[in-house]
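Q: I have a model open and want to learn to read its features. Can we go through them one by one?

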Amino acid sequence: MQKLDEWTKRAQVLKEKVSGIIRDSRGAQNEAKLIDMIRRTGVEYQLEAEIEDALHRIYNNGDDVGAADHDHLKTDRTGSRDTTHKRLPRLNARYFISFYEESEGKTSEVAMRTLLEYAKLDFNLVQALHQREIKEISTWWKEKGLAEKLSYARNRVVECYVWVMTLAPEPCFSRCRVFGGKTLSMVSMIDDTYDAYSAYEELKQFTSAIQRWDLVAMDELPQYVRPLYHELVTYFKACEEELEKEGYQISYSRQAVRDSAQRSEWYHNDYTPGTEEYIRVALITSGYPALYLLNMVFMKGVSIESFQWWESQPRIVMAAAEICRFIDDLASNSFEQEGGHVVSGIECFVKEKGMTEKEVHDLFIHFYNNAWKDINEACLRPRPFPMSILVKALNLARVMDVWYNNPGEDAYTFSGGGTKEMISKILVEPIPV
């Protein structure tokens, strides 16, 4: 605790210094380089006003950042293309803090050393907050005992927290991460219940109960699934009563859970849908539109128009869902079919289009690349909403490159090796200061 207090005080001093460095910086190339470093080291959220002023200054002066800088837009400083844009913000920050420290921090330039010290302290302070949150969620999860009561389902409470934390790592979204981490852990179990465990008639009963959203419906459910339904409804209702008083639009979040219930009939009726039907339903049941909504719910001051925009299935959100669905199918198809899971997109395309699995694989990669292009385009100005809202969809796409960055590898289901290393870097190990 004493160390955290010392870090907090030092970070406050350094933030003022970095803010002054931005204000005093002159020359388009110098300012662009500084803003680039701030963004990549993860402290942009702390200095949004200063960065916006600097960008306006560059624009209004008609300055040209130069050909060399136009090329930092195409290739990152390590020489690899398209890698940092897709990396998780927290993981990216840790990587670039180390990179800049090796290449820039050893120079005599005080500004760069100040920024790097501030970035390291901020990373560690945010990590400490994340650690407290995951401890709270893990304690709650253990007390509920759902992992033991539903032993057939994946127990991925830490991974679910990381998924939510990826969307909104900033300190102001603490309650969003706690609520989302708990909710997603339960939704993951619902997904396993639908995909591979329950009998069809039992799932119809479960679906009906979810639509009713009432504890009275629990009496109609099979005994084994009652604890999950009870915790789901009880937790949501408690959160709704508490948070709606503070202006959060949490009532929208129920739809996030209801959307998980649409694919069960395919497997249990031995039905392979057409490709258009599969894509239409699978994008919704990917959970990505729902997860995006859960984050909007916890953003104070989000307008009703923003929720109406979400209901229209905007391209940036659905592109993130496409990345989730197609990459998940590529990584999980063989394993899930061996285990008797719900039909995958690969099977749909093979059956309807007469394609080979290799051809479908190439097509899904093509869909994946096009979806990334749509996300990038949606983030360009003019934007329908502030970047603080749109970046959530961008981060949803980014997290898929963590779980499925190796072809044919599902690092969420089989969360060892690289997944543990990644979690350790962003949740366990502080940066040496």
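Q: How many aromatic pairs does the structure hold?

A: First, the ground rules. This is a predicted model: local features need pLDDT of at least 70, side-chain atom pairs count only at pLDDT 80 or more, and totals for chains, interfaces and linings use all residues. Residues are numbered from 1 along each chain as its sequence is written, and side-chain values use heavy atoms, with hydrogens and water left out. Now the rings. A pair of aromatic rings is described by the distance of the centres and the angle of the planes. Rings of Phe, Tyr and Trp (its six-membered ring) pair if their centres lie within 6.5 Å; planes under 30 degrees apart count as stacked, over 60 as edge-to-face and the rest as tilted. The structure holds 20 such pairs.

Q: How far apart are the ring centres of phenylalanine 179 and tyrosine 235?

A: The centres are 5.6 Å apart and the planes lie at 20°, so this pair is stacked. Phenylalanine 179 sits in helix H9 (residues 174-197) and tyrosine 235 in helix H11 (residues 226-243), so the pair ties together parts 56 residues apart in sequence. Helices here are DSSP runs (H or I, at least four residues), numbered from the N terminus. Ring pairs also link Trp140, Trp141, Phe179, Trp213, Tyr235 and Phe236 into a cluster.

Q: Are phenylalanine 179 and tyrosine 235 buried or exposed?

A: Buried means under 20% relative accessible area, exposed over 50%, partly exposed in between (1.4 Å probe, protein chains only). Phenylalanine 179 and tyrosine 235 are both buried.

Q: How many residues of helix H15 are buried?

A: In H15 (residues 288-297), 10 of the 10 residues are buried, so the helix is largely enclosed by the rest of the structure. Among them are Tyr288, Pro289 and Asn295.

Q: What does serine 306 touch?

A: Contact means heavy atoms within 4.5 Å. Serine 306 touches Met296, Phe385 and Ile389, not counting residues up to four places away in sequence. Met296 is one of the buried residues of H15. Serine 306 lies in helix H16 (residues 304-311) and is buried, with a relative accessible area of 2%.

Q: At what angle do helices H1 and H3 cross?

A: Two packed helices are described by the angle between their axes and the distance between the axes. Axes are lines fitted to C-alpha atoms, for helices over the stretch in contact, and angles run from 0 to 180 degrees between N-to-C directions. Under 35 degrees counts as roughly parallel, over 145 as roughly antiparallel, 65 to 115 as roughly perpendicular and the rest as oblique. The axes of H1 (residues 2-24) and H3 (residues 48-60) cross at roughly 10° and come within 9 Å. That makes H1 roughly parallel to H3. Ser19, Ile22 and Arg23 of H1 meet Glu50, Ala54 and Arg57 of H3.

Q: How do H2 and H5 pack?

A: Helix H2 (residues 28-40) and helix H5 (residues 89-103) have axes 8 Å apart, at an angle of about 130°. That makes H2 oblique to H5. Asp36, Met37 and Arg40 of H2 meet Asn92, Ala93, Phe96 and Tyr100 of H5.

Q: Which residues does tryptophan 7 touch?

A: Tryptophan 7 touches Leu121, Asn124, Leu125 and Val433, leaving out residues up to four places away in sequence. Its C-alpha lies 9.4 Å from that of valine 433, 426 residues apart along the chain. Tryptophan 7 is in H1 and is buried, with a relative accessible area of 15%.

How values were computed. Helix = DSSP H or I, 4+ residues; strand = E, 2+ residues; numbered from the N terminus.
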